[in-house]
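Please read this briefing with the sequence and the coordinates side by side.

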Amino acid sequence: MKKFFVFFLLTTIVLSFSFSYFRTPDVLLYPNRTISFYSDEPVSVRVYKFDITKEIFEKNLKDGKSVRFLLEKSDEKVFSIILPQSPGAYYVVLEGKDKYVSNLFFLTNYEAFVASNDKEFYFSVYDLKEGKFVNRLFYFDDDFLRSITGPVFKADIEKYKGKVFFYENNVVFISRYTAYNPYSEKKVLVFSDKPIYKPGDVLRFRVNLFKREGSKYVPYSSKILVHLRDPFSNEIFSQEFNTDDFGGVSFEYKTTDEIITGNYVLTIEEKGKALGYHYFLLQDYVKPTYTIELTPSATQSIVGQTVNVKLSARYLNGDPVKMAQVLFYAFRDGRLINKTKAVTDENGQALYGLYLKEGGYYRIQSLVVDDSGRQYEKQVFIDAKKDNVSIDAKINNNKLNLYITDLSGTPLNGVALIKINEKEEYVTVLDGKSFLNLPKDTWYVEVQFGKERKLVFKRYRESNAGILTVDRDSIEPGGKVKITVEPKDDVGVLVAGGTNIDVFEIIDNKLESVEVSIPKEEISDGYFISYYGLKFNDNIKINILHDRVRKLEIKTNKDIYKPGEIAKVSFKDSKSLKVVSIADEGLYLLSDRGSIINDLYPRLYYSTFEVYKSSKYIYLDYLSRFENEKEKHIFASSKESEEKNIREYFPETLYWSPNLFEENLTLKVPDSITKWRVLAYEISSDYIAEGSATFVVTKPFEVKLFVPEFLTNNDQPDCVIYVKNYTGKSGKVEVKLNVKNATSTFESGVFNIERDLRIPFSLKGVSGKNVDLILEASLNDEHDAIKIKVPVNAAYIEKVSSKVLRIKDKMEFEKDVDIKVINNLKDLLAESIENLITYPYGCTEQTMSSFYPALVAKKILERKDIDDIVLKGLQRILKLQHRDGGWGWWSNDKSDVYMTSYVLEGLYYAKQNGYYFPQVSLDEAIDYLKNKS
């Protein structure tokens, strides 16, 4: 039956159509000449042919010539237009009753192989019909026709981006030009005193500039602008700095409990250009005080056996968490299959047994709650196997070495199935051992023994043929590597490089051996080699060994300290500037960004350049100012206990120095019973070094108070007194509890104690702003005491009424009336302003009624916390602003002209007094008022 019909330009074929669209890419590569389309609408099919001119790429389709074409019905409502063999541009129109569908297609014999990074791109063009690479191409530059010479074409991205290359009506479209390069010319590292912050903290940073010099980054000095933005992109801090000789600057920003929580970002600019960003989290967190470990008796077991999981909970100072409530959950395939309760013993441990009824992966999750009420969780996975088999496999010098045992380690005998790429081979296993020589083109190895399977090897990108081999896996900058390319009847290109493209060579259907010198200035940790051909592709990574990051050795004179002891920290052979922080280990359990050096020298798993073919789709239309710079903060020695032997200073950051040069530092450890992490970075012109160490602060005899984080008036919370006795001596311990602004159900007395003592009690009659608790315990010569201040949130607001009277002669008052004699205006206003600025507030008006008087109070009252009060008000005002720029009484009501004006008046005087407020917020508020006028 005859399937093809010849059409001419003006021939109209009426079909039963109602909808039409093309199903073919815009570029048709030789030998493909077929355009497929779907239609069930009455249309006429018309085809125009154009030579490649500048007008074509501007969609200026004039003087097209009619051409003959063939039409084939491929399927129900699917048709194929078969173009002539002549390359060029073809404009195809499907015109229906009410509308038409059209598209411009390009028929070409040229395929391009392209490699591009962030600056330039290389490409070679292969003539599929003639079987050779093209030596010359044309392109339009404005109104001029220009040419470039090959067969390897190198082009600057900015100059040639968007150009279409062609020769004798054969076109090449390159639509991708860039690739990700993490090794920029300049970088910024941001160091902080702690990994996470909470409202009320002082944010402390050091910003350090680095520039690329050869194969490393070195610090440099410059002028920078630092911006701090909150989660809503409000700029809450902006300041210009001149960096020191080591390229750094340190600064602080003070927060209050009214600041917005969420993800904050520091932006560092130089000459108006962003150099880098630093993201950090500010949230209301509860610092972890203990850790959990889950240890299964086996991570691999057999169906039908029971796996025992041991939970171990320890405080950060190493003490066991006793009498903690534990919940164990067991899941299989996401389904809960078991739930069990337990309690930790004297060693802080609890056991859980799980029967493996079916094969697969099991997830064991534990939830632990100690006397503080803080809950932490941990999980572990267990692989339940259907066979008692363990496979250990290693590849050395293209040789696969197998060692197969049962789960107890006993060697097995039998036959193993080895899958190499797409082929399978059987090997005999005797006494658990076997080996197999692998072909050079190996990219995938999987081993099966019995019912057990293990993936042994897979390249970072799948190789279709194993085209590439190299003579080494690692190399130093300046070294040489030999690359062998076996194209196997294929045509393509060889591309090699690190941060730049060093090699771009044509591989034309024959064995090639190329020796490449790794540039001495190569900064990347990997050298990537790619073959990209018509049929196959292959990729290899070679590790580059650098000497630019060193380990900073940190030592403390002791591993364990008692509260108040002097700790000595030394940095071995460290003469340059160091950024040093000592923070509570519990913070790193909440947030740990890892090594900052990874930001400077990131590890690459994929090349910084892309290798690809020319595009088959085209788009022609595309053608506040309290922040002071400080040098050092030593927090532990800045406060002494007011009462002898009472622990009351519990900082989260013990030490912070953004520019320490000494090799030793001495500090007094605080009252916190916990583990501390010393983290230091040394910066020099030759290298950057990183080091860390930990030490523990603890006591053999210790008291703890488990109370809520905050209270409310008339609360009656349940609390716990805990006395730890690891002195090795039992006896009678005297326990005293002194409570202010509340009463306690606990009565001081003498109790028998061996290793520990746990006493529940309750608080009653909570009042005031804070409840102060002092717990003391004495055993023989041992003594410990702790002081805790718990904030109290008011359940109501007390109303106070007063009058100002001028007395000429005499006046009588009721006996319960408070009378104060005022001699001047300052005395008249002082008390009222004092009451206003300490008044509990919630809405915008109440916030302004506290924040605004605080500005006045700066000239009248002598209070150290005036700046804190103003800052708290500013941060809350920012949080209450509406999306339209105005303010209402709350964050979710309607904006009000009066309230917005009231806020702006206060912000004006705040700015007059030197306080910072985001200008964009002021501008939005003014625009709101203008729109309402």
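The points below concern a predicted model and are grouped by topic.

**Packing of α8 and α9**
- Helix α8 (residues 897–912) packs with helix α9 (residues 919–932) at an angle of about 145°, their axes being 11 Å apart, and the crossing of the two is left-handed.
- On the α8 side the contact is made by V897, T900, S901, L904, L907 and K911, while α9 contributes Q919, L922, A925, I926, Y928, L929 and K932.
- Sorted by class, the residues in this contact are 8 nonpolar, 3 polar and 2 charged.

**The two sides of α9**
- The 14 residues of α9 should span 20 Å at 1.5 Å a residue, and this agrees with its end C-alpha atoms, which are 20 Å apart.
- S921, L922, A925 and Y928 of α9 are buried, and because they cover an arc of only 120° around the axis, they lie on the same side of the helix.
- The cover over the buried residues of α9 includes α7 (866–880) and α8, whereas K930 and N931, on the other side of α9, are exposed.

- The bond from Y30 to P31 is cis, with omega near 10°, and P31 is placed in the loop between β3 (27–29) and β4 (34–39).
- The bond from G150 to P151 is also cis, with omega near 10°, and P151 lies in the loop between β15 (144–149) and β16 (153–156).

**Positive phi outside glycine**
- K271, in the loop between β25 (262–270) and β26 (273–282), has a positive phi near 55° and is exposed, with a relative accessible area of 82%.
- D431, in the loop between β38 (423–429) and β39 (433–437), has a positive phi near 50° and counts as exposed at 56% relative accessibility.

Terms used
Residues numbered from 1 in each chain as written. Predicted model: local features only at pLDDT ≥ 70, side-chain atom pairs only at ≥ 80, totals over all residues. Heavy atoms only, no water. Axes fitted to C-alpha atoms, helices over the stretch in contact; angles between N-to-C directions. Helix = DSSP H or I, 4+ residues; strand = E, 2+ residues; numbered from the N terminus. Left-handed = near helix turned anticlockwise from the far one by under 90°. Contact = heavy atoms within 4.5 Å. Nonpolar A, V, L, I, M, F, W, Y, C, P; charged D, E, K, R; others polar. Expected span 1.5 Å × (residues − 1). Buried < 20%, exposed > 50% of the residue type's maximum accessible area, 1.4 Å probe, protein only. Arc of directions from axis to C-beta.
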